[in-house]
Amino acid sequence: IFPIQILEALLLTVLFAVLLILFIRINKKGIVAAIYLYSYSIIRFALEFFRGDTERGSFMRLSTSQIISIIILLILSVLILLRRKYIKKDTLL
């Protein structure tokens, strides 16, 4: 059995370090939160393939966590596209 919880803890620790550095260096509102949501959703989606939790629910071969990750990615992508459309071109998001 693969120790998925240890891998998840390591990946989230690295993500924390990266986000902390970005928070210190970037002064744009919402960027660190957006990066966190994207990154965490991708990490969680990928790690769910290695879990053996069939009792936690599944739909079309995807776990509940994977479906939630996809929904978060889609909503965040739409919000970023809408923000880019209505905010000046010089902003990062």
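Let's start where two helices meet: helix 2 passes helix 3 in a left-handed crossing.

Before going on, a word about the model. It is predicted, with local features needing pLDDT of at least 70 and side-chain atom pairs counting only at pLDDT 80 or more, while totals for chains, interfaces and linings use all residues. Residues are numbered from 1 along each chain as its sequence is written, and side-chain values use heavy atoms, leaving out hydrogens and water. The mean pLDDT of the chain (the predictor's confidence in each residue, from 0 to 100) is 85, and 84% of the residues reach 70 or more. Confidence is highest in helix 1 (residues 4-25), with a mean of 94, and lowest in strand 1 (residues 58-59), with a mean of 66.

Now step back to the whole chain. There are three helices and two strands, and from the N terminus on they follow the order α-α-β-β-α. Helices (H or I, at least four residues) and strands (E, at least two) are DSSP runs, numbered from the N terminus. Of the 93 residues, 22% count as buried; buried means under 20% relative accessible area, exposed means over 50%, and partly exposed lies in between (1.4 Å probe, protein chains only). Among contacts between residues at least 6 apart in sequence, 58% join residues at least 24 apart.

How do helices pack? Two packed helices are described by the angle between their axes and the distance between the axes. The axes of helix 2 (residues 31-47) and helix 3 (residues 64-86) come within 9 Å and cross at roughly 150°. These axes are lines fitted to C-alpha atoms, for helices over the stretch in contact, and angles run from 0 to 180 degrees between N-to-C directions. Helix 2 and helix 3 are therefore roughly antiparallel.

Helix 1 and helix 2 pack at about 165°, with axes 11 Å apart, which makes helix 1 roughly antiparallel to helix 2. This time the crossing is right-handed. The residues of their contact divide into 14 nonpolar, one polar and two charged.

Is Glu-8 buried or exposed? Glu-8, in helix 1, is buried, with a relative accessible area of 11%. Glu-8 touches Tyr-40, Arg-44, Leu-47 and Arg-51, not counting residues up to four places away in sequence.

Tyr-36 sits in helix 2 and is partly exposed, at 36% relative accessible area. With residues up to four places away in sequence left out, Tyr-36 touches Leu-15 and Leu-19. Tyr-36 and Val-18 are 18 residues apart in sequence and 9.6 Å apart in space, C-alpha to C-alpha.

Finally, Leu-74 belongs to helix 3 and is exposed, with a relative accessible area of 54%.

Methods:
Angles under 35 degrees count as roughly parallel, over 145 as roughly antiparallel, 65 to 115 as roughly perpendicular and the rest as oblique. A crossing is left-handed if the near helix is turned anticlockwise from the far one by less than a right angle, and right-handed if clockwise. Contact means heavy atoms within 4.5 Å. Ala, Val, Leu, Ile, Met, Phe, Trp, Tyr, Cys and Pro count as nonpolar, Asp, Glu, Lys and Arg as charged, and the others, Gly among them, as polar.
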